[in-house]
Each structure stands twice: as structure tokens, then as C-alpha cells.
Amino acid sequence: DQTSLLVLDECDRLLELGFQETLRSILDYLPEQRRNLLLSATVTQGVQDMCGRVCSPAYRFVDCVENAEAPTAEQVDQEVVVVPPLMILTSLFHVLFEEMQKNQYTHKIMVFFPTARTAAFFSSLFRKQLRMQVYEMHSRREQRERETTAARFGHDRCGVMFSSDVSARGMDYPNVTLV
């Protein structure tokens with residue numbers, strides 16, 4: 001009854017993950033008179049439809065990306081390499097080494113792993129066994145550590161970040177050369 005503000009962060013992900021019915025139930029429970037904020041890095045048709053259901057007809061769309069700016073995904077080389085499990089470490093090392101040789105003083109590489117545990121494992125392995133400095137970003141790290149890591153990686157001229165999906169959305173690091 002006293003709710004005056006509804007915030008749906010990453011609303012495109014909520015829709016993607018099948019929470020439409022749950023969201024409808026929540027919306028039916030909330031008072032009609034409230035402010036709504038729907039936040040999304042990706043404005044899909046589903047997000048636009050959600051705006052039509054959740055917001056008043058006079059809702060305002062705020063785009064934080066300049067029209068002239070190309071999406072990050074179009075500016076960065078991205079590679080998918082399928083290798084047998086026993087070759088993952090060797091293959092990853094070679095891909096990283098090649099990029100670091102090509103852009104010796106300006107390489108900025110992001111490597112995504114499927115889980116926080118996998119990101120932590122490979123971060124430790126590369127640091128301790130291969131003596132390679134890597135930034136480590138995943139949900140098992142304290143929020144303060146993640147913020148510090150994100151700021152350092154964003155500011156530094158070169159580096160390698162091993163991350164779970166915690167960095168995949170909503171983060172924009174400048175000058176990334178390889179994902």
C-alpha cells in the first residue's frame with residue numbers, strides 16, 4: 001500500500017529468464033499510483049512492451065548512449081574457441097599470449113567463465129602457476145573488491161580480466177582489445 005517506487009533493474013534479463021508471470025503478479029499487488037524505473041542495457045521489444053504495461057502512457061525513455069557511438073560489441077574483436085577440456089588451459093594461454101604480443105603495451109583482455117568458481121580457479125592458476133597478473137571479478141569477491149578491480153581495470157592501459165557474468169552486463173571498460 002505504501003510503495004511509491006518500483007525499480008526493475010536488468011529488466012530485459014528478468015523477461016529473458018521467464019519472470020513475466022511473476023512480474024505480473026507483483027504489479028497486480030502494487031498500488032496504481034507509483035513511480036516506475038525500468039533499467040536495461042538492452043532495449044528489446046519485450047522491454048518496450050513491459051514499459052507499456054508498467055508505466056503511464058506519458059512515460060519518458062532516457063537513452064544514455066550517444067547515437068553516434070557504436071555498440072561495444074561492434075568495436076571489439078570477439079572469439080569463440082571450442083577445445084577439448086584437457087586443452088583449455090593451453091589454448092587460453094596461447095590466445096592471451098598472442099594478443100599480448102600483438103598489443104604489448106595496450107592489450108586489454110576480458111575472459112568470461114561460466115561460474116564464479118571457474119573464474120576464481122583460473123585466476124589463481126594463472127597467477128600462481130603461470131606468473132601472469134590477472135584481474136579477478138566474480139560474485140564470490142566482496143563488493144568493495146569488485147569495485148576496486150573494476151576501477152583499476154578500467155583505468156589501467158593494459159591488463160587481463162578473468163570474470164564470471166558479473167562483468168558481462170552493465171559494465172563498460174574503455175579500450176578493450178579482446179573478449
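Accessible areas here come from the Shrake-Rupley method with a 1.4 Å probe, and for residues only the protein chains shown count as cover.

## Getting oriented

This is a predicted model, where local features need pLDDT of at least 70 and side-chain atom pairs count only at pLDDT 80 or more, while totals for chains, interfaces and linings use all residues. Residues are numbered from 1 along each chain as its sequence is written, and side-chain values use heavy atoms, with hydrogens and water left out.

The protein has seven helices and five strands. Both kinds of element are DSSP runs numbered from the N terminus: helices are H or I with at least four residues, strands are E with at least two. Read from the N terminus, the order is β-α-α-β-α-α-α-β-α-β-α-β.

Of the 179 residues, 31% count as buried. Buried means under 20% relative accessible area, exposed means over 50%, and partly exposed is in between (1.4 Å probe, protein chains only). As for contacts (heavy atoms within 4.5 Å), look at those with a separation of 6 or more: residues 24 or more positions apart account for 69% of them.

In soluble globular proteins, nonpolar side chains tend to be buried together. A nonpolar core, as used here, is a set of buried Ala, Val, Leu, Ile, Met, Phe, Trp, Tyr and Cys residues joined through side-chain atoms within 4.5 Å. The largest one has 14 residues, and Leu92, Leu96, Val111, Phe113, Phe122, Phe126 and Phe162 touch the most other members. Helix H5 (88-102), strand S3 (108-112), helix H6 (116-128) and strand S5 (159-163) each give two or more residues to this core. H6 gives the most, with four. Apart from this core lies another, of 13 residues, including Cys11, Leu15, Leu38 and Cys51.

Leaving out residues up to four places away in sequence, Phe162 touches Leu92, Leu96, Val111, Phe113, Ala119, Phe122, Ser123, Phe126, Val134, Tyr135, Glu136 and Met137.

## Serine 123 on the inside

Is Ser123 buried or exposed? Ser123 is buried, with a relative accessible area of 0%. Setting aside residues up to four places away in sequence, Ser123 touches Val134, Tyr135, Glu136 and Phe162.

S1 pairs with S2 in the parallel sense over four bridges; two strands count as paired if DSSP finds at least two bridges between them. Val7 stands opposite Leu37 in S2.

Leu5, Val7, Leu37 and Leu39 make a nonpolar surface patch of about 320 Å². Patches are made of residues with over 30% relative accessible area and no salt bridge; like charges are joined within 9 Å, nonpolar side chains (Val, Leu, Ile, Met, Phe, Trp, Tyr) within 5 Å. Leu39 lies in the loop between strand S2 (35-38) and helix H3 (45-54), and counts as partly exposed because its relative accessibility is 37%.

## Charged pairs

Side chains of opposite charge can pair when their charged atoms come close. The structure holds four salt bridges, meaning a side-chain nitrogen of Lys or Arg within 4 Å of a carboxyl oxygen of Asp or Glu. One of them joins Glu21 and Arg24, with the closest N and O atoms 2.6 Å apart. Both residues lie in helix H2 (residues 20-29), three residues apart, about one turn of the helix. Glu21 is exposed at 53% relative accessible area, whereas Arg24 is partly exposed at 34%.

Lys102 and Glu99 form another salt bridge, at 3.5 Å between the closest N and O atoms. They are about one helical turn apart because they sit three residues apart in helix H5. Lys102 is exposed at 55%, while Glu99 is buried at 5%. Arg127 and Glu136 also meet in a salt bridge (2.7 Å, N to O): Arg127 is partly exposed at 30%, and Glu136 is buried at 11%.
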